[in-house]
Amino acid sequence: MTHREELIVVLEPLLAARSTAEWVRLLDLAGVPVGPIQSVDEALVDPQIIARGMVTEVQHPSIGALAQINCPIRLTRTPVAVRTAPPLLGQHTDDVLLGAGFSAERIQSLRETGAVA
């Protein structure tokens, strides 16, 4: 970090002289572990992401089809799959609080005060 500013001045024009793909190829040929830094949009269409099935589509109650990240864990006997969209705000409040021992009346009171959705 001591000479960061000076290094940026020297390295930035050198790195800008070639594309990311060229740098990845050259560094890979030199035996340097390398990979591009991708935007979210780039990462979601990366061939490796597609091949591993890392993007899945579920139905969301308010927006319809929703692409989301699949579970990265791969188990042979018990495959993991994303089956539902993320919950809406407050969608499971009653279930969670009832399971924690709250009465329906207490949950309603919490809802009326704005403590829960």
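Biologist: Where is C71 found?

Modeller: C71 is in the loop between β2 and α5 (93-99). Helices (H or I, at least four residues) and strands (E, at least two) are DSSP runs, numbered from the N terminus.

Biologist: What should I know about the model and the numbering?

Modeller: This is a predicted model: local features need pLDDT of at least 70, side-chain atom pairs count only at pLDDT 80 or more, and totals for chains, interfaces and linings use all residues. Residues are numbered from 1 along each chain as its sequence is written, and side-chain values use heavy atoms, with hydrogens and water left out.

Biologist: Back to C71. Buried or exposed?

Modeller: C71 counts as buried, because its relative accessibility is 18%. Buried means under 20% relative accessible area, exposed over 50%, and partly exposed in between (1.4 Å probe, protein chains only).

Biologist: Which residues is C71 in contact with, leaving aside neighbours within four places in sequence?

Modeller: M54, V80 and V82. Contact means heavy atoms within 4.5 Å.

Biologist: And how many Å separate the C-alpha atoms of C71 and E57?

Modeller: 12 Å, with the two residues 14 apart along the chain.

Biologist: What stands opposite E57 in β2?

Modeller: A67 does. V58 in turn has L66 opposite in β2.

Biologist: How many bridges join β1 to β2?

Modeller: Strand β1 (residues 55-60) and strand β2 (residues 64-69) share 6 bridges and run antiparallel. Two strands pair if DSSP finds at least two bridges between them. The link from β1 to β2 is a hairpin of 3 residues.

Biologist: Which side chains along β1 are buried?

Modeller: T56, V58 and H60, which point to one face.

Biologist: Why do side chains alternate?

Modeller: In a regular strand, side chains alternate between the two faces of the sheet.

Biologist: What about Q68? Which strand?

Modeller: Q68 lies in β2. Q68 has a relative accessible area of 16%, so Q68 is buried. Not counting residues up to four places away in sequence, Q68 touches M54, V55, T56, V58, V82, T84, A85 and P86.

Biologist: New topic, P47. Where is P47 found?

Modeller: In helix α4 (residues 47-51). P47 is exposed, because its relative accessible area is 63%. From P47 to T20 the C-alpha distance is 17 Å, and they are 27 residues apart in sequence.

Biologist: Now the whole protein. How many helices and strands?

Modeller: 6 helices and 2 strands. Along the sequence the pattern is α-α-α-α-β-β-α-α. The radius of gyration is 24 Å, well over the 13 Å from the globule rule for 117 residues, so the protein is more spread out than a compact globule. That radius is taken over C-alpha atoms, and the rule is 2.2 Å times the number of residues to the power 0.38.

Biologist: What does the C-alpha trace span along its principal axes?

Modeller: About 65 × 45 × 30 Å. Of the 117 residues, 11% count as buried.
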